[in-house]
Amino acid sequence: MDLGISGKKALVCASSKGLGFGCAQALAAAGVDLVMNARSEGPLEQAAERLRQEHGVMIKAIAADITTDKGRDQVLNALPDPDILVSNAGGPPPGLWSDWDRDDFIAALDANMLTPIALMKALLPGMIDRKWGRVVNITSQSVKSPIPVLGLSNAARAGLTGYVAGTARQVAGHGVTINNLLPGIHATDRADALDQAVCDAQGITMDQARDQRSATIPAGRYGTAQEFGAACAFLCSQHAGFIIGQNILLDGGAVNTTL
Ligand code: NAP
């Protein structure tokens, strides 16, 4: 399917690896020029070069912490007028409800709620003026079904989801869509870190931890970053202009709900 976005420009945050990279890869395959971002310069430049070689699109790689004012300024200076924003950042650490104090919550809110809100606030006016824009926020299945050890993530992402629900409807009339993609477990470094925490807590091997988790997913496996990226690229396409303010689960059926 021709996504109809060749020649558009996208900012894909936190995209040297994992789900962000999957999104950057799928957009590059659709002919979209990119600004890619991550904190570590070496892996980011490698990822950008791979997509330049694979897809022949223009890519700027900006090494910066997207959860800081300075990092966001660097990224926005490199691409002040993107047609597409994919917001993403690392997830908060796991723990127990009694572990977290105010500073932990502020850090989680900064990374997973206030950073995407700041990016939208900076970029939506240009999209509205140009009468076309796509925003996809990478959130989590924890928005629909809490993951008890990820209380910081549950809390921060719920806040972002509430903001998007109203804002998406305020900008939709200008040709701008905002939607959230909710990953269930995908085979990335983040999943490895979560599985390692299970190994440490239960004294089991990584293979056992993965088998245990896979058994809770009706699809019987972890998702891939490529599958995730393809869904993101569709939401950014010309065909998705009537999809507004949705929270779309990509979880292999793990969240057990009818609606
Ligand atoms: P990942 O494989 O660990 O990749 C994270 C990417 O984000 C890397 O490119 C990393 O590069 C970059 N990054 C992290 N913090 C950053 C920051 N402050 N500024 C800029 N770049 C940053 O993680 P993932 O699995 O793709 O997860 C992406 C998001 O989805 C996370 O918020 C995660 O909690 C959420 N999620 C993932 C899963 C899953 O199963 N994978 C499930 C639910 C939710 P640098 O380290 O070099 O910055």
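Helices and strands here are DSSP runs, numbered from the N terminus. By that scheme the loop between β5 and α5 (151-171) holds Pro146. The model is predicted. The protein has eight helices and seven strands. Its radius of gyration is 18 Å, which agrees with the value near 18 Å for a compact globule of 259 residues.

**Overall dimensions and surface**

- The C-alpha trace spans about 55 × 40 × 40 Å along its principal axes.
- Of the 259 residues, 47% count as buried.
- The protein exposes about 12,100 Å². Carbon and sulfur atoms supply 54% of that area.
- Side chains with a charge number 21 positive and 25 negative. The centres of the two sets lie 7 Å apart.

**Nonpolar cores**

- In soluble globular proteins, nonpolar side chains tend to be buried together.
- The largest nonpolar core here has 33 residues. Ile5, Leu27, Leu34, Met36 and Ile84 touch the most other members.
- Elements giving two or more residues to this core are the strands β1 (9-12), β2 (33-38), β4 (84-87) and β5 (133-138), along with the helices α1 (18-29), α2 (41-55) and α8 (225-235).
- Helix α1 gives the largest share of this core, seven residues.
- Leu27 touches Ile5, Ala10, Val12, Val32, Leu34, Ile84, Val86, Ala233 and Cys236, with residues up to four places away in sequence not counted.
- Another core, of 27 residues, lies apart from the largest one. Its members include Leu76, Ala89, Met113 and Met120.

- Ala14 lies in the loop between β1 and α1. Its phi is near 50 degrees, a positive value in a residue other than glycine.
- Ser16 is found in the loop between β1 and α1 too. Ser16 is buried, because its relative accessible area is 16%, and buried means under 20%.
- Beyond its neighbours within four places in sequence, Ser16 is in contact with Phe21, Asn37, Ala38, Pro43, Leu44 and Ala47.
- One of these partners, Pro43, lies in helix α2. Pro43 is partly exposed, with a relative accessible area of 41%.
- Pro43 and Ser16 are 27 residues apart in sequence. Their C-alpha atoms are 6.2 Å apart in space.

- Met127 lies in helix α4. At 0% relative accessibility, Met127 counts as buried.
- Setting aside residues up to four places away in sequence, Met127 touches Pro82, Asp83, Ile84, Leu85, Trp132, Gly133, Arg134, Val135 and Val176.
- Met127 and Gly175 are 48 residues apart in sequence and 8.2 Å apart in space, C-alpha to C-alpha.
- Lys131 is found in the loop between α4 (102-130) and β5. Lys131 is exposed, at 57% relative accessible area.
- Phi of Lys131 is near 65 degrees, a positive value in a residue other than glycine.
- Most residues other than glycine have a negative phi.

- Pro146 counts as exposed because its relative accessibility is 60%, and the cut-off is over 50%.
- Pro146 and Arg190 are 44 residues apart along the chain. Their C-alpha atoms are separated by 17 Å.
- Val149 lies in the loop between β5 and α5. Val149 is partly exposed, with a relative accessible area of 43%.
- Val149 touches Pro93, Pro94, Gly95 and Trp100, not counting residues up to four places away in sequence.
- Val149 and Asn88 are 61 residues apart in sequence. From C-alpha to C-alpha they are 20 Å apart in space.

Terms used
Residues are numbered from 1 along each chain as its sequence is written. This is a predicted model: local features need pLDDT of at least 70, side-chain atom pairs count only at pLDDT 80 or more; totals for chains, interfaces and linings use all residues. Side-chain values use heavy atoms; hydrogens and water are left out. A nonpolar core is a set of buried Ala, Val, Leu, Ile, Met, Phe, Trp, Tyr and Cys residues joined through side-chain atoms within 4.5 Å. Buried means under 20% relative accessible area, exposed over 50%, partly exposed in between (1.4 Å probe, protein chains only). Helices (H or I, at least four residues) and strands (E, at least two) are DSSP runs, numbered from the N terminus. Contact means heavy atoms within 4.5 Å. The radius of gyration is taken over C-alpha atoms; the globule rule is 2.2 Å times the number of residues to the power 0.38. Accessible areas come from the Shrake-Rupley method with a 1.4 Å probe; for residues, only the protein chains shown count as cover. Lys and Arg count as positive and Asp and Glu as negative; His and the chain ends are not counted. The place of a charge is taken as NZ of Lys, CZ of Arg, CG of Asp or CD of Glu.
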